Amino acid sequence: MKQVPTAAVAAAGLVGGYAVARWTRKRPLGGVVLAAAGAAAGREWHRRAGAPATAALSALYVAGFAGAHPLAKKIGAWPAVFTAAGVVAATTWAVADRG
């Protein structure tokens, strides 16, 4: 059975977390989506790439979430979220999924 790329899980966590928070107007619910996807991706990162890569990718995931906020003031909310998700997905693919 083919594995789901963790790049897709991480990107979906960022986009899905924002979408849920925006459409439900409940930011903590968006945080649950963000955290669940991050935890699922993190388990696979550790299995596929080891602890140092997991730490780096986890830091990038959190930085993507945090960095989308100031970026949104410059380019808009959805473009910022998609930019952050794209950076996280591309890096994740290169580090954990490509092999």
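User: Why does phenylalanine 82 count as partly exposed?

Analyst: Phenylalanine 82 has a relative accessibility of 48%. Buried means under 20% relative accessible area and exposed means over 50%, with partly exposed in between (1.4 Å probe, protein chains only). The value of 48% therefore places phenylalanine 82 in the partly exposed class. This is a predicted model, in which local features need pLDDT of at least 70 and side-chain atom pairs count only at pLDDT 80 or more, while totals for chains, interfaces and linings use all residues. Residues are numbered from 1 along each chain as its sequence is written, and side-chain values use heavy atoms, with hydrogens and water left out.

User: Where is phenylalanine 82 found, and what separates its C-alpha atom from that of alanine 63?

Analyst: Phenylalanine 82 belongs to helix H4. Its C-alpha atom and that of alanine 63, which is 19 residues away along the chain, are 14 Å apart.

User: How do you know which class, buried or exposed, applies to glycine 42?

Analyst: Glycine 42 has a relative accessible area of 12% and is therefore buried. Helix H2 is the place of glycine 42, and 17 Å separates its C-alpha atom from that of glycine 86, 44 residues apart along the chain. In the protein chain, 31% of the 99 residues are buried.

User: What makes tryptophan 78 count as partly exposed, and which residues is it in contact with?

Analyst: The relative accessibility of tryptophan 78 is 23%, so this residue counts as partly exposed. Tryptophan 78 lies in helix H4. Contact means heavy atoms within 4.5 Å. Apart from neighbours within four places in sequence, tryptophan 78 is in contact with Val15, Tyr18, Ala19, Arg22 and Trp23.

User: How many helices and strands does the protein chain have?

Analyst: The protein chain has 4 helices and 0 strands, and its pattern along the sequence is α-α-α-α. Helices (H or I, at least four residues) and strands (E, at least two) are DSSP runs, numbered from the N terminus.

User: Why does the radius of gyration agree with that of a compact globule?

Analyst: For 99 residues, a compact globule would have a radius of gyration near 13 Å, and the protein chain has 13 Å, so the two agree. The radius is taken over C-alpha atoms, and the globule rule is 2.2 Å times the number of residues to the power 0.38.

User: Which residues lie nearest the centre of the largest pocket?

Analyst: A pocket is an open set of points on a 1 Å grid over the protein atoms alone, where a 1.4 Å probe fits, with protein on both sides within 12 Å along at least five of seven lines; lining residues have an atom within 4 Å of a point. Of the 18 residues lining the largest pocket, Tyr18, Ala21, Arg27, Phe65 and His69 lie nearest its centre. Helix H1 (6-24), helix H2 (27-49), helix H3 (51-75) and helix H4 (77-97) each give two or more residues to this lining.
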